[in-house]
Amino acid sequence: MALCFFCSDLHGRIDRYAKLLRAAEAERPAAVFLGGDLLPSGFGLVESVDPDHIDFINGFLAPGFERVREALGPAYPDVFVILGNDDPRIEEAAVLDVATRGLWHYAHERRIEWRGFTVYGYACVPPTPFRLKDWERYDVSRFVDPGATSPEEGMRTVPVGESDIRYGTIQQDLEALVGNRPLDRAIMLFHSPPYQTALDRAALDGRMVDYVQMDVHVGSIAISRFIGSRQPRITLHGHVHESARITGAWATRLGDTCAFSAAHDGPELALVRFDPETPAGATRELI
């Protein structure tokens, strides 16, 4: 058995991280997957973050995992990290720096071999209504849902080429990331959930923009099509906090793929435990 943890959308909440790190010390998982939106929301600090921890990665997150490594020694888990649409990309440099110290693997647009499985990471989401566009891409075309703003608008914390912003898509990125490799033993760490599933249901019922009903499903069409055609073994998702509350489901089966969400809109930490050899037995606990 290879116990794995999956969490997402912790948004800089120290209480949630404390629960995760305590659970890691107690249960000694083989791997921990962190699915984005890890930092204090946007450019400010949430109330639970001490002002001394403005540099959240080096001031809190890395030292927390370092303490777990000191406690567990050789039993320290492999930690796989991506950022999410609420995480300024300017922080990516700090995430990469910590990765050089062996505390975690930065997985965005990377392929990492692990215990007979292949881990892929991808942080980007389709266009949202929010201003920060560091991790937003057109999905399968330049269409933007009513109520959302295009990746060509808003603001970014790092420079990106105009052509890439205008013409790049999630669909193209996934094709480049995976190529023709078999995915029957792939674990894919996404921030966005797949479109029109139990995992991407947003609380947009009855919301209208210019007399047009907003789509209550806000996940990625490209990711949904990718899962349907390529059938990775396990996909991990976050982003839509309220989906599990609305649908009653944090896991779904898409063909042969087991898809899990660790997003949660309550105060607790949502901790998904799974064994990649037997993913159908996954559980989710609110701590």
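Modeller: Phe 80 is buried, and so is Trp 114, where buried means under 20% relative accessible area, exposed over 50% and partly exposed in between (1.4 Å probe, protein chains only). This is a predicted model, in which local features need pLDDT of at least 70 and side-chain atom pairs count only at pLDDT 80 or more, while totals for chains, interfaces and linings use all residues. Residues are numbered from 1 along each chain as its sequence is written, and side-chain values use heavy atoms, with hydrogens and water left out.

Rings of Phe, Tyr and Trp (its six-membered ring) pair if their centres lie within 6.5 Å; planes under 30 degrees apart count as stacked, over 60 as edge-to-face and the rest as tilted. By this rule there are 10 aromatic pairs. In one of them, the ring centres of Phe 80 and Trp 114 are 6.2 Å apart and the planes stand at 80 degrees, so this pair is edge-to-face. Phe 80 belongs to strand S3 (residues 78-82) and Trp 114 to strand S5 (residues 111-114), so the pair ties together parts that are 34 residues apart in sequence. Strands (E, at least two residues) are DSSP runs, numbered from the N terminus, as are helices (H or I, at least four).

Phe 260 and Phe 274 make another pair: with ring centres 5.9 Å apart and planes at 45 degrees, it is tilted. Phe 260 is in strand S12 (residues 257-261) and Phe 274 in strand S13 (residues 270-274), so this pair links parts that are 14 residues apart in sequence. Both Phe 260 and Phe 274 are buried.

Over the face of Phe 117 lies Arg 185, at 4.0 Å from the ring centre; a charge sits over a ring if NZ of Lys or CZ of Arg is within 6 Å of the ring centre and within 35 degrees of the ring normal.

In a regular strand the side chains alternate between the two faces of the sheet. The covered face of S5 carries Ile 112 and Trp 114, and its uncovered face Arg 111 and Glu 113. S5 pairs with strand S6 (residues 117-122) in the antiparallel sense over four bridges, where pairing requires that DSSP finds at least two bridges between two strands. Val 119 in S6 is the bridge partner of Ile 112. S5 and S6 form a hairpin with two residues between them, and Arg 115 in the turn has a positive phi of about 50 degrees.
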